Amino acid sequence: MTDYTALSFQVADVARRAGQFIRQEAATFDRGRIEHKGLHDMVSYVDQEAERLIVSGLRELLPQAGFITEEGTTGADSQATSAGTALTWIIDPLDGTTNFIHGLPCYSVSVALLEGPELVVGVVYEVNLDECFRAVRGGGAFCNDQPIRVSATPTLNQALIATGFPYSNFHRVEAYLGILKEFMRGTNGIRRVGSAAVDLAWTAAGRFDGYFEFNINSYDVAAGILLVREAGGHVSQFLHEGDPIFGREVLASNGRLHEEMQGLIGKFWQ
């Protein structure tokens, strides 16, 4: 039986090593070396090399595990893994690529492990602040090995909320703008930092009281979902429990705000 607590420390080391590489490359990064995967969706050699480093390190830890990766350096589909694999890594080597490319200091490494359908390990390493968030199923959540908890904010009008903006599939943007207007009027503020993994980690740590985003991918949110849950919060799809890992939309909160947030989103999101 795998000791997931011990494994989480090893995964954190892998994420930190990838983060060190990203930090070194940031000092001399050339914007001319970017590629476009799609509209507003960029990738650099830094993303790709960081992913290779992470995959190599994780293969040493669990040779039998499959992979879901953003950049596809394992040769597998980014949203699929080997059939019948009981253990699956979900990796975003550089969440916040646009921030990185423009020299904005918020981007992260995100690594999660699924056992069957269940999240069992999650690590988010924010490179610039040197903060490593770590969670194990049933074992709590930590930042730099200190326990973290979601906030105790009781109502939405006192809450600071995080979100992200879609970079494709704009057919639902009007509904999303309606939701934003309601949150602008009904909260203490909205922030968009540019890394979904960080949004979730900071929600787990009580810095944000809630977070929502659509058109999101599993590798953006998997590790952060476990962090929020293990820190005492709640994560779902926008209007129902569903599957926030693969369902392309995620709503996270300290738990106290969840019903209120769903009610507001439900005015526009069907």
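1. Let's start at a turn. In the hairpin of β7 and β8, four residues lie between the strands, and G138 there takes a positive phi near 80°. Three bridges join β7 to strand β8 (residues 141-143), and the two run antiparallel. Across this pairing, R134 stands opposite F142 in β8. Strands count as paired if DSSP finds at least two bridges between them. Helices (H or I, at least four residues) and strands (E, at least two) are DSSP runs, numbered from the N terminus.

2. A word on what you are looking at: this is a predicted model, in which local features need pLDDT of at least 70, side-chain atom pairs count only at pLDDT 80 or more, and totals for chains, interfaces and linings use all residues. Residues are numbered from 1 along each chain as its sequence is written, and side-chain values use heavy atoms, with hydrogens and water left out.

3. How confident is the predictor? pLDDT is its confidence in each residue, from 0 to 100. The protein chain averages a pLDDT of 91, and 90% of the residues score at least 70. Please be careful with residues 76-84, where pLDDT stays under 50 and the model has 16 contacts beyond four places in sequence. Where pLDDT is low, the predicted coordinates should not be read in detail.

4. Now the overall picture. The protein chain has seven helices and 14 strands. Of its 270 residues, 56% count as buried; buried means under 20% relative accessible area, exposed over 50%, and partly exposed in between (1.4 Å probe, protein chains only). Among contacts between residues at least 6 apart in sequence, 62% join residues at least 24 apart. A contact here means heavy atoms within 4.5 Å.

5. Back to β7 (residues 131-136), which is mostly covered: six of its six residues are buried. In a regular strand the side chains alternate between the two faces of the sheet. In β7, E131, F133 and A135 point one way, while C132, R134 and V136 point the other way, and all are buried. On its way from β6, the chain passes through a hairpin with four residues between the strands, where D130 takes a positive phi near 55°. β6 and β7 pair in the antiparallel sense over six bridges, with Y125 standing opposite C132 in β7.

6. On β5, seven bridges make the antiparallel link to strand β4 (residues 87-95), where W89 has L113 of β5 as its bridge partner. Seven of the eight residues of β5 are buried, so this strand is largely enclosed by the rest of the structure.

7. Which residues does S110 touch, leaving aside its neighbours within four places in sequence? S110 lies in strand β5 (residues 108-115) and is in contact with I90, I91, D92, V123, V124, A197, Y219 and A223. S110 counts as buried because its relative accessibility is 1%. One of its contacts, V124, also stands opposite S110 in β6.

8. S8 lies in helix α1 (residues 4-26) and is buried, with a relative accessible area of 0%. Not counting residues up to four places away in sequence, S8 touches V121, V123, R134 and V136. The C-alpha atoms of S8 and V121 are separated by 6.1 Å, although the two residues are 113 apart along the chain. The S8 side chain makes a polar contact with the side chain of R134 (3.0 Å) and reaches the backbone oxygen of T5 at 2.6 Å. A polar contact is a pair of N or O atoms within 3.5 Å; within protein, one must be able to donate a hydrogen and the other to accept it, and residues adjacent in sequence count only if both atoms are side-chain atoms.

9. Finally, have a look at T203 in helix α5 (residues 196-204). Is T203 buried or exposed? T203 counts as buried, at 0% relative accessibility. Its side chain reaches the backbone oxygen of D199 at 2.8 Å. Beyond four places in sequence, the contacts of T203 include V150, F208 and S253.

Technical notes:
pLDDT is the predictor's confidence in each residue, from 0 to 100.
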